[in-house]
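Please keep the sequence and the 3D view at hand while reading.

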Amino acid sequence: MTKDGKKTVVFSVLSSNRFLETAVRLFEEKHNDIRIEIKEYKASEGTEGGGAREGFSLADIEKYVQSVTTQVVSDGGPDLILMNNLPQHKFVEKNRLAHLNDLIADGSSFDRNTIYDNILKASQDGEGLYTIPLSFSLETIQGNTELLKELNISVDKNAPWTWSQFSDVAKKLKEQGGSEGYYNLMMSPLLHTYIEDRYEELVGEGQPGFDSDLFRNMMEEIKSIYDEGLLNEGMASDPAKAVFRMVGIFNPVAALTMPSNLDYYHNPSATGKQEGVPFKAIDSLGINSKSEVQSEAWEFIKFLLSDEMQASPDLFGLPMNKTATDKRLNEVVEKIENGTLELPIPKDMLPSSETIKNRIAEVQQLISEAGARKLSDLKVLTIATEEFESYKNGQKSAEEVSKLIQNRVTTYLNE
């Protein structure tokens, strides 16, 4: 579409923020013939610092998902789409997203060597790249190495492991008393983790697999973990007694200044098998395949991935741009040395400079090994959570619940 002689790119987001607004202003200054129109579905709330993610209810997110999905599937909608929480599989299946590899190949102005190519490749659906992350998080967990050593429990921090293996560790903790396996891990997030680990088998290409022994066994294993007291639905009475915490790597300051008694471990999975370190896209963009301004939308994506924008302190998560991530990590050391860093922990708990520098190398290594994208559909997770409650409370059997989820997900995917 055109306005005032300019080509207009309509950019759909749940809510705008300072990072995007700054990017639009700077981009339009450089491209007098392109206008970026941010179309938000909820006004920003509490976005001081540009990276805050508070202020959104499930209803807000569902409204965004429903509105944008309806428009795009009906051959309309925005030109550029913030894909967070949207049903990416459905968009790809219905050919509603442009092939970004084609756009990358068509021009010489984008050097994919400047970004993490392993994450880009892992973001593909089959052989096609339909969305591109602006930032990401590594789905690791924090483990209390000191506590594990005191309790004489061995967990290989470099090896993938299953929730069944975690249960064995949790049983040992329970026998010894005084320690808990996880801090504040509720059943619903654990169910989501299980589903994400086997997403292709449970959702696949429009062929749900919830009415299966695979999923029923998953539900039974989750429930037994809590029934046996290996995990608690409530907060741990003392966070210091929790051996593991589900805290990934997305904030360089928090990642590097983590207390020296903690270390990063693989998050247990439903399979114990992973092709690389798991990661999630925090902000991911796709271009509407029906858009008449695809090349202009791609120009804006390239600008968002540039050294200039990826270095912005308003970008939430780890930047896709290698230079920007390395700069953020090294800035932590510089700020600690010159005393300008706002510390997330008491100063006496701050690791040594040597430990922090070693952690930089560790984070960089983990990023280079990232290769297992965690992707799911918010609506599918919501359906599973709602129906799982009746199994969790003993009102319905695993078979009844799995069939209900199967029917609801099938209906949703066929809409």
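A crossing of two helices is called right-handed if the near helix is turned clockwise from the far one by less than a right angle, and left-handed if the turn is anticlockwise. The structure shown is a predicted model.

## Helix H10 and the helices it crosses

Helix H10 covers residues 213-227, and helix H16 covers residues 378-392. The crossing of H10 and H16 is right-handed. On the H10 side the contact is made by Met 219, Glu 220, Ile 222 and Lys 223, and on the H16 side by Phe 388, Tyr 391 and Lys 392. Sorted by class, four residues of this contact are nonpolar, none is polar and three are charged.

H10 also crosses helix H8 (residues 187-197) and helix H17 (residues 398-413). The table lists how each pair of axes is placed.

| Helix pair | Axes come within | Crossing angle |
|---|---|---|
| H10 and H16 | 11 Å | roughly 60° |
| H8 and H10 | 11 Å | roughly 145° |
| H10 and H17 | 10 Å | roughly 120° |

H8 passes H10 in a right-handed crossing. In this contact Met 187, Leu 190, Leu 191, Tyr 194 and Ile 195 of H8 meet Phe 215, Met 218, Glu 221, Ile 222, Ile 225 and Tyr 226 of H10. The classes here are 10 nonpolar residues, no polar residue and one charged residue.

The crossing of H10 and H17 is right-handed too. H10 takes part with Phe 215, Arg 216, Met 219 and Glu 220, while H17 takes part with Ala 398, Glu 399, Val 401, Ser 402 and Ile 405. Five residues of the contact of H10 with H17 are nonpolar, one is polar and three are charged.

Ile 222 belongs to the contact with H16 and to the contact with H8. Phe 215 meets H8 and also H17. Met 219 and Glu 220 take part in the contact with H16 and in that with H17.

## The sheet E7-E8-E6-E9

Four strands form an open sheet in the order E7-E8-E6-E9, with mixed pairing. Its edge strands are E7 (180-182) and E9 (262-266), each of which pairs on one side only. On average, neighbouring strands of this sheet are turned by 20° against each other, direction ignored.

E7 and strand E8 (residues 242-245) are joined by two bridges and pair in the parallel sense. In this pair, Glu 180 stands opposite Ala 242 of E8. Helix H7 (residues 163-176) packs on the sheet and touches E7 and E8, and its direction makes about 155° with that of E7.

Strand E6 pairs with E8 in the antiparallel sense over two bridges, and Gly 143 has Phe 244 of E8 as its bridge partner. Five bridges join E6 to E9, again antiparallel. Here the partner of Gln 142 is Tyr 264 in E9.

Is E6 (residues 140-144) enclosed or open? Five of its five residues are buried, so the strand is largely enclosed by the rest of the structure. In a regular strand the side chains alternate between the two faces of the sheet. In E6, Thr 140, Gln 142 and Asn 144 point one way and Ile 141 and Gly 143 the other way, and all are buried.

## Strand E5 and its partners

Strand E5 (residues 131-138) has eight of its eight residues buried, so this strand is also largely enclosed by the rest of the structure. Seven bridges join E5 to strand E10 (residues 277-287), and the two run antiparallel. E5 is joined to strand E11 (residues 318-319) by two bridges, also antiparallel. Phe 136 stands opposite Leu 318 in E11.

Towards E10, the bridge partner of Pro 133 is Ser 284. Is Ser 284 buried or exposed? A residue counts as buried under 20% relative accessible area; Ser 284 has 8% and is therefore buried. Leaving aside neighbours within four places in sequence, Ser 284 is in contact with Ile 81, Leu 82, Met 83, Asn 84, Thr 131, Ile 132 and Pro 133.

Note on methods:
Residues are numbered from 1 along each chain as its sequence is written. This is a predicted model: local features need pLDDT of at least 70, side-chain atom pairs count only at pLDDT 80 or more; totals for chains, interfaces and linings use all residues. Side-chain values use heavy atoms; hydrogens and water are left out. Axes are lines fitted to C-alpha atoms, for helices over the stretch in contact, and angles run from 0 to 180 degrees between N-to-C directions. Contact means heavy atoms within 4.5 Å. Ala, Val, Leu, Ile, Met, Phe, Trp, Tyr, Cys and Pro count as nonpolar, Asp, Glu, Lys and Arg as charged, and the others, Gly among them, as polar. Buried means under 20% relative accessible area, exposed over 50%, partly exposed in between (1.4 Å probe, protein chains only). Two strands pair if DSSP finds at least two bridges between them.
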